[in-house]
Every structure is written in structure tokens, then in C-alpha cells.
Amino acid sequence: MDAKKDFHTLDDLYISPFTSVRYYDDNGQPRYRPLERNLYPTGIYAADLLLQSLTLGHGSMSAIANRLGCSSRDLSGLIRCLTGQPSDQFRTAYRKRLVTDLLRFTDLPLPDVAARSGIGRKRNLHLFTNIHFGCTPDELRQRIRKVGDSGRFSVE
């Protein structure tokens with residue numbers, strides 16, 4: 001048995017930040033309808049609460065641990081058991097995915113992208129994108145956005 005195949009990938013665990021998707025009505029006007037999301041990808045309460053918190057930008061391990069009545073170390077172990085990765089590595093990958101989704105599909109201002117992705121402030125977002133993508137958030141948005149992407153989804 002290959003233990004690597006038993007771990008969940010980021011794609012398995014990722015909860016989209018988007019709550020609605022754009023469509024065009026009979027008059028060609030853009031409208032939004034609710035987007036179905038799986039908020040419980042693991043079926044494990046603690047893991048799903050952690051993933052939901054990361055998606056909302058509330059990724060403080062200590063705050064989540066306090067809410068669950070456990071330690072940050074316990075949560076780190078849970079992440080390791082689910083993914084086979086250290087919790088910092090997984091949370092960074094999760095934030096990278098959130099940042100790229102928010103930059104690509106929304107016109108959220110950079111301070112909102114920073115807050116919504118759990119990075120904090122706009123300055124932190126600049127540091128994060130420079131480290132992980134080698135560019136500024138604005139440059140990343142231009143690089144990854146395709147025609148029709150802007151406003152395709154919305155967040156609460």
C-alpha cells in the first residue's frame with residue numbers, strides 16, 4: 001500500500017471563497033446566482049472547521065484551536081495526517097490558491113484580498129506575492145487573469 005496515495009491533496013480539501021457565480025439574463029444583464037460549495041470536504045468536524053476558517057481568512061491556528069478546545073499542535077498534527085505535509089506548508093499552499101483565485105476572478109481591492117486570504121494587510125500581500133510568485137499583487141492579477149474572468153464570481 002502506498003501511503004502517499006492515502007493523503008488528501010489541496011484540490012481535495014480546498015473550499016472556494018466564492019459564494020455566487022455570474023450569469024447573463026435574457027436581456028444580457030449580468031446577474032449572480034448562489035454557487036454550491038462543499039463546506040465539509042473531509043466530514044471531520046475539526047478539519048472542516050479549519051478549512052472553512054482558512055477560506056474566510058481566519059487562519060490563526062491558535063484561535064481555531066481555542067474554538068475546538070485543543071492545541072495548535074493538535075491541529076498541526078491533523079493537517080499532517082490529512083495531507084502528509086507540515087501545517088505551515090499546507091497553509092501557505094492554501095493561501096496561495098486563495099490569493100490567485102481572488103486576484104483572478106474578483107476586482108477586490110488589494111487590502112480586501114489580503115484580509116480575505118488570511119495574509120492580513122496590503123503590505124503583507126506584497127511581500128507574500130513577491131516571495132511566492134516573484135511579482136506584485138497587481139502584476140500577478142494581470143498575469144493570471146483571462147478574458148471574462150473579472151467578476152465571474154463574487155464573495156460574501
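Which helices each supply at least two residues of the lining of the largest cavity? Helix 2 and helix 4 (72–83) do, and the views below show where.

This is a predicted model, in which local features need pLDDT of at least 70 and side-chain atom pairs count only at pLDDT 80 or more, while totals for chains, interfaces and linings use all residues. Residues are numbered from 1 along each chain as its sequence is written, and side-chain values use heavy atoms, with hydrogens and water left out.

View 1. About 30 Å³ of space lies in here (on a 1 Å grid over the protein atoms alone, a cavity is a set of points where a 1.4 Å probe fits but cannot get out, and lining residues have an atom within 4 Å of a point; points are joined across faces, edges and corners, and a volume is the space filled by probe spheres set on them). Look for Leu13, Leu50, Leu51, Ile79, Leu82, Thr83 and Phe90 around this cavity.

**View 2. Helix 4 beside the largest cavity.** With three residues, helix 4 gives the largest share of the cavity lining (helices are DSSP runs of H or I, at least four residues, numbered from the N terminus).

**View 3. The largest pocket.** This one has a volume of about 160 Å³ (a pocket is an open set of points with protein on both sides within 12 Å along at least five of seven lines). Its lining has 14 residues, with Arg37, Leu39, Gln52, Ser53 and Leu56 nearest the centre.

**View 4. Helix 2 at the largest pocket.** Here helix 2 (residues 45–55) brings four residues, the largest share of the pocket lining.
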